[in-house]
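This note sets out comments on the model displayed below. Please read the points alongside the sequence and the coordinates.

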Amino acid sequence: MSFLSYLINGISLGSIYAIIALGYTMVYGIARMLNFAHGDIIMVGGFAIFTVVSTMGLPPLLGILVAVVICTVLGVTIERVAYRPLRGVSSLAVLITAIGVSYLLQNVALLIFGSNARQFTSVVTLPNLKLADGALTISSVTIVTIVSCIAIMAALTSFINKTKIGQAMLAVSEDNGAATLMGIDVNRTIAITFAIGSALAAVAGALLCSTYPSLTPYTGSMPGIKAFVAAVFGGIGSIPGALIGGILLGVIENLSKAYISSQLSDAIVFSVLIIVLLVRPTGILGRKINEKV
Amino acid sequence: MNKNKVRMQNGITYGIVAGCWILVQIMDKTGHMTSLLRGILVPLCMYSILAISLNLTVGILGELSLGHAGFMCVGAFSGAFFTKCMENVLPNLQLRFFLAILIGAVVAGICGILIGIPVLRLKGDYLAIVTLAFGEIIKNLINVMYIGLDKGGFHFSIKDTMSLGMDETGVVIIKGAQGITGTPKASTFLIATVLLLITLFIVLNLIHSRTGRAIMSIRDNRIAAESIGINITKYKLMAFSISAALAGVAGVLYAHNLSTLAATPKNFGYNMSIMILVFVVLGGLGNIRGSMIAAVVLTLLPELLRGLNDYRMLIYAVVLIVMMLFNSSPKAIEMRSVLLERFRKKKDTAAKEAS
């Protein structure tokens with residue numbers, strides 16, 4: 001029974017990673033840049049919910065809504081101000097700018113909220129689920145996390161395959177120049193991608209802080225890196241890859257924490273990543289790109 | 001570039017370091033030195049060494065590495081481990097420190113080769129994430145490592161001090177997450193400057209040698225380099241391991257500048273690797289002097305802004321973003337060239353009027 005509960009908690013943690021990884025993978029697929037500030041947008045989402053729910057005393061759903069709006073606006077603004085001027089320049093320059101944005105968000109949060117950890121009240125208020133006469137308890141946050149991850153995946157896949165904007169996103173990720181020739185506004189498409197990724201980060205922030213209820217300006221940084229690893233794991237640029245990578249990462253992390261060593265869990269997660277990349281250099285679902293001479 | 005020009009450029013770089021050292025000595029003698037500034041002298045050299053060594057991987061070899069702090073960590077721990085072990089055998093601190101630097105460099109270099117063999121098969125962002133992963137693994141492993149020394153030799157454990165099973169003469173040297181305590185403070189500004197000069201000497205000579213040109217040809221076009229018979233793996237590994245060894249030297253310097261050495265996310269985590277990368281990119285890829293200057297400026301900046309307390313890291317972040325935009329964005333480059341053109345025209349007309 002304990003194995004089952006570790007496994008379910010792992011899937012739940014993995015679902016959060018998957019939602020964050022989606023933001024990474026979509027932005028990478030379209031703009032070919034690693035958005036290192038993505039993890040900090042999660043933190044901003046967390047603080048937005050904290051302010052609305054704990055400080056103002058409004059209902060949690062309203063809090064999530066406010067967080068989604070704030071993060072979307074923030075994501076689009078960051079893209080417009082910091083990343084768009086560097087379009088077409090070496091990816092390293094954009095990477096450093098993204099790191100600058102990440103420092104900026106952390107320090108603004110530090111100034112407003114201070115460095116002390118805030119107690120986050122869970123946005124999920126449902127009762128826990130008890131199975132097998134109480135031998136197995138699954139918390140409601142876990143169920144909500146897994147369900148929302150599946151819902152987000154389904155919605156996103158149909159959005160990309162069915163709508164015009166989604167098709168435009170695919171086209172831009174395939175070939176930037178050809179997409180422009182077809183009359184697709186590349187800048188607008190990238191802005192929309194950032195908006196979606198940031199909105200997902202806000203949702204991930206709500207779920208992450210409900211599971212681990214301590215909120216500091218650095219809360220988003222490690223999950224951000226882990227989600228990035230998950231995105232690479234599944235094949236960066238691939239949406240089902242983000243789901244598989246995220247869940248595998250979460251399960252491996254939780255099981256190694258439970259059965260091997262809690263201190264070594266990060267090392268184990270990273271070792272698995274290295275082994276996967278050595279066998280499949282572009283991740284589990286990544287496409288192999290042949291080099292042309 | 002012809003040989004004389006190269007020699008002059010290198011001379012300027014060495015001259016800057018020597019000049020800074022003399023400047024500090026003058027400031028020290030005339031009493032213009034604050035304790036804050038004195039405390040930051042060794043870190044300044046250390047960050048410069050780190051930036052120069054990472055530039056070898058990122059700028060010269062052209063592979064993005066996010067795990068440089070991991071090699072620094074290996075160097076720091078192996079060096080400090082040596083000085084602690086040999087405390088009774090070799091009482092001379094200077095000699096012990098000198099040997100520790102060599103050991104740190106060698107161990108970090110070997111780590112560089114071991115990690116480089118699998119990692120350098122990957123490309124681009126995948127390589128970056130795997131180096132990041134290795135850096136985190138190294139930090140994690142050191143955090144659970146316990147090593148003790150007694151009459152029977154070394155004892156090793158990954159659980160706790162008790163499970164080392166030592167007799168009563170045993171001394172715990174590496175204490176898991178607490179790391180190594182009581183390392184002698186052997187790093188001085190003179191030694192740090194000399195190490196910086198040696199690093200510069202190694203890297204600058206490497207770049208302008210046949211080997212260096214081979215490494216740069218891999219960066220510019222791997223396939224073309226391969227087709228003219230350059231052994232890609234050999235040169236890639238060479239650059240990567242030299243870079244790692246130099247980071248190890250910086251690590252030994254770091255370990256002997258503080259009395260306790262523990263692997264925390266702050267000093268050996270990916271944040272540190274990223275900070276070194278920021279120095280390299282801001283200083284200019286492949287520009288050794290640039291990464292040195294960027295390391296010094298960006299280390300001094302938060303210290304000089306200390307009076308602003310909470311706002312200093314905020315200002316640092318804004319400066320970083322603005323500098324990147326100003327340096328790299330096509331619009332800013334265009335604006336700069338237009339301004340430069342206008343300035344030149346003014347000069348020309350002024351010169352004509354004068355004549």
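**Comments on the two-chain model**

1. In chain B, strands β1(B) and β3(B) pair in the antiparallel sense over 4 bridges. Strands here are DSSP runs of E with at least two residues, helices are runs of H or I with at least four residues, and both are numbered from the N terminus. Two strands count as paired if DSSP finds at least two bridges between them. Within this pairing, Tyr146(B) stands opposite Lys175(B) of β3(B).

2. The model is predicted: local features need pLDDT of at least 70, side-chain atom pairs count only at pLDDT 80 or more, and totals for chains, interfaces and linings use all residues. Residues are numbered from 1 along each chain as its sequence is written, while chains are lettered from A and ligands numbered from 1 in the order in which they are written.

3. The other partner of β1 (residues 146-150) of chain B is β2(B), joined in the antiparallel sense over 5 bridges. In this pair, Leu149(B) has Phe154(B) of β2(B) as its bridge partner. In general, strands of a sheet pair through backbone hydrogen bonds, either parallel or antiparallel.

4. Is strand β2 (residues 153-157) of chain B largely in the open or enclosed? Of its 5 residues the number buried is 0, so β2(B) lies largely in the open. A residue is called buried if 20 or more other C-beta atoms lie within 10 Å of its own, exposed if 12 or fewer do, and partly exposed in between, with C-beta atoms placed from the backbone.

5. Helix α1 (residues 3-29) of chain B has 27 residues, of which the number buried is 0, so α1(B) lies largely in the open. In α5(B), 16 of the 20 residues are buried, so that helix is largely enclosed by the rest of the structure. From first C-alpha to last, α1(B) reaches 39 Å, close to the 39 Å expected at 1.5 Å a residue. The corresponding reach of α5(B) is 29 Å, close to the expected 28 Å. The expected span is 1.5 Å times one less than the number of residues in the helix. After α1(B) comes Gly31(B), with a positive phi near 75°.

6. The side of chain B that touches chain A deserves attention. There, 33 residues of chain B are in contact with 37 residues of chain A, a contact being two residues whose C-beta atoms, placed from the backbone, lie within 7 Å. The elements giving two or more residues to this side of chain B are α5 (124-143), α11 (270-283), α13 (312-328) and α14 (330-354) of chain B. By class, this side of chain B has 25 nonpolar, 4 polar and 4 charged residues. Nonpolar covers Ala, Val, Leu, Ile, Met, Phe, Trp, Tyr, Cys and Pro; charged covers Asp, Glu, Lys and Arg; the others, Gly among them, are polar.

7. As for the overall dimensions, chain B has 14 helices and 5 strands, and chain A has 11 helices and 4 strands. The C-alpha trace of chain B spans about 90 × 60 × 40 Å along its principal axes, and that of chain A about 60 × 45 × 35 Å. Buried residues make up 40% of the 355 residues in chain B and 51% of the 293 residues in chain A.

8. Arg32(A), a residue other than glycine, has a positive phi near 50°. Most residues other than glycine have a negative phi. Arg32(A) is found in the loop between α1 (2-31) and α2 (38-55) of chain A, and it counts as partly exposed because it has 16 C-beta neighbours inside 10 Å.
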